[in-house]
Amino acid sequence: MIRYLIRRILWAIVLFVVVTLVTYVIFFLVPNDLAAKVAGQGSSQEARARAIHHLGLDRPVYVQYGKFMWALIKPVPVRIGSVPVFVRPNGNLGYSYIRATPVNDLIKSAAPVTGSLVFGGVIVWLLMALPIGILSALRPRSLLDKTSMTFVLIGISAHPIWIGLIFAYVFGFRLGWFPISNYCNFFNHAGGCGGPAQWAYHLILPWITYAILFAALYARMIRANVMEAMTEDYVRTARAKGAPEQRVLRSHVLRNALLPVVTMLGMDIGVALGGAVFTESVYQLPGLGRNLVIGIQANDFATVQGVVVFATIAILFFNLIVDVLYAWIDPRIRLT
């Protein structure tokens with residue numbers, strides 16, 4: 001198990017370096033006169049030259065990338081009082097000259113919003129997909145099965161932006177049941193908006209919009225897995241021995257049919273973070289996806305790079321957790 005964990009950590013480090021390097025090179029090749037924006041409109045050539053030197057843009061791309069990575073991983077001591085207790089990475093993601101603020105501050109304010117959307121959406125789509133997939137598999141070709149497959153078809157085919165606009169118009173604008181914009185902090189009350197109740201109330205529509213696509217995919221996968229598991233020899237043997245049907249379903253069918261769901265959850269973290277861009281855009285949520293879009297539109301490389309680095313770390317971290325959990329559940333995985 002230790003060797004398996006070490007291999008996964010080493011692969012995670014390699015992938016992190018590759019993703020950040022490719023992102024850095026791509027934006028290095030994109031025309032972006034950052035020095036002119038820092039020096040100000042109408043600035044002289046001398047002022048621009050000073051800005052280029054100050055920003056390090058006159059150095060090769062590998063030097064700039066190395067400087068960025070060193071600022072990110074540079075070890076700094078964590079102290080309790082005046083005593084250094086342990087060392088952690090510096091985690092400096094740079095400074096956004098376009099928005100005149102450190103990128104770390106932007107990430108700190110945006111990450112809880114995206115985290116609330118993603119993890120709440122995961123819970124919603126599992127609550128939708130599990131009963132739909134299981135009941136459809138237990139009653140194939142029934143009215144319930146046909147209705148659920150219609151839901152799957154709509155969920156897979158409809159774009160999240162279209163679904164979000166429909167929900168916002170019907171349930172937000174016309175019926176007035178839910179708010180269609182704004183985000184309330186879970187802990188802090190700001191302007192009369194805050195606390196767990198307001199936080200969840202403002203995220204109900206984003207959660208459902210975000211979850212529909214994944215719920216449809218998972219319902220179809222769970223249905224197929226359960227139907228396949230019910231034809232296995234060990235299920236027929238358990239029934240032949242007189243085991244109650246509920247026990248057969250719980251201990252033999254669902255336990256094996258739902259194992260791939262754990263793997264898919266880990267694989268879908270990256271897709272889920274990418275899908276958050278659309279939902280955040282529809283409901284004006286100030287999350288990572290919306291900051292990424294704003295950064296791309298404004299040629300704000302620092303913000304884009306910071307969001308990409310943070311998202312990469314999050315994806316690798318959760319994939320590592322899922323790999324370890326799956327290896328613990330199924331020891332055969334450790335041999336691959």
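This is a predicted model: local features need pLDDT of at least 70, side-chain atom pairs count only at pLDDT 80 or more; totals for chains, interfaces and linings use all residues.
At least two residues of the lining come from each of helix H1 (2-29), helix H4 (61-73), strand S2 (83-89), H5 and helix H13 (301-329), with H13 giving the most, six residues.

The chain as a whole contains 13 helices and four strands, and of its 336 residues 37% are buried. Among the contacts in the chain with a separation of 6 or more, 65% are accounted for by residues 24 or more positions apart.

In soluble globular proteins, nonpolar side chains tend to be buried together. In the present model the largest nonpolar core comprises 46 residues, of which Val 118, Trp 125, Tyr 210, Val 226 and Tyr 283 touch the most other members. Two or more residues are given to this core by each of helix H5 (103-138), helix H7 (160-174), helix H8 (196-229), helix H9 (233-240), helix H10 (245-257) and helix H11 (259-283), and the most are given by H8, with 16 residues. Apart from this core lies another, of 17 residues, which includes Tyr 24, Ala 110, Leu 288 and Leu 316. When residues up to four places away in sequence are not counted, Tyr 283 touches Gly 164, Phe 167, Ala 168, Ile 180, Ser 181, Asn 182, Leu 205, Pro 206 and Thr 209.

The loop between H11 and H12 contains Gln 284, a residue other than glycine whose phi is positive, near 55°. Gln 284 counts as partly exposed because its relative accessibility is 40%, between the limits of 20% and 50% that separate buried from exposed residues. In helix H12 (residues 288-297), the buried residues include Leu 288, Gly 289, Asn 291 and Gly 295. These residues lie on the same side of H12, because the arc that they cover around the axis is only 160°. Just after H12, a positive phi of about 55° is taken by Asn 299. Most residues other than glycine have a negative phi.

Ile 321 lies in helix H13 and, with a relative accessibility of 33%, counts as partly exposed. Lys 146, in helix H6 (residues 143-157), counts as exposed, since its relative accessibility is 53% and the cut-off for exposed residues is over 50%. Between the C-alpha atoms of Lys 146 and Ser 136, which are ten residues apart along the chain, the separation is 8.2 Å.

Notes: Residues are numbered from 1 along each chain as its sequence is written. Side-chain values use heavy atoms; hydrogens and water are left out. A nonpolar core is a set of buried Ala, Val, Leu, Ile, Met, Phe, Trp, Tyr and Cys residues joined through side-chain atoms within 4.5 Å. Buried means under 20% relative accessible area, exposed over 50%, partly exposed in between (1.4 Å probe, protein chains only). Contact means heavy atoms within 4.5 Å. The arc is that of the directions from the helix axis to the C-beta atoms.
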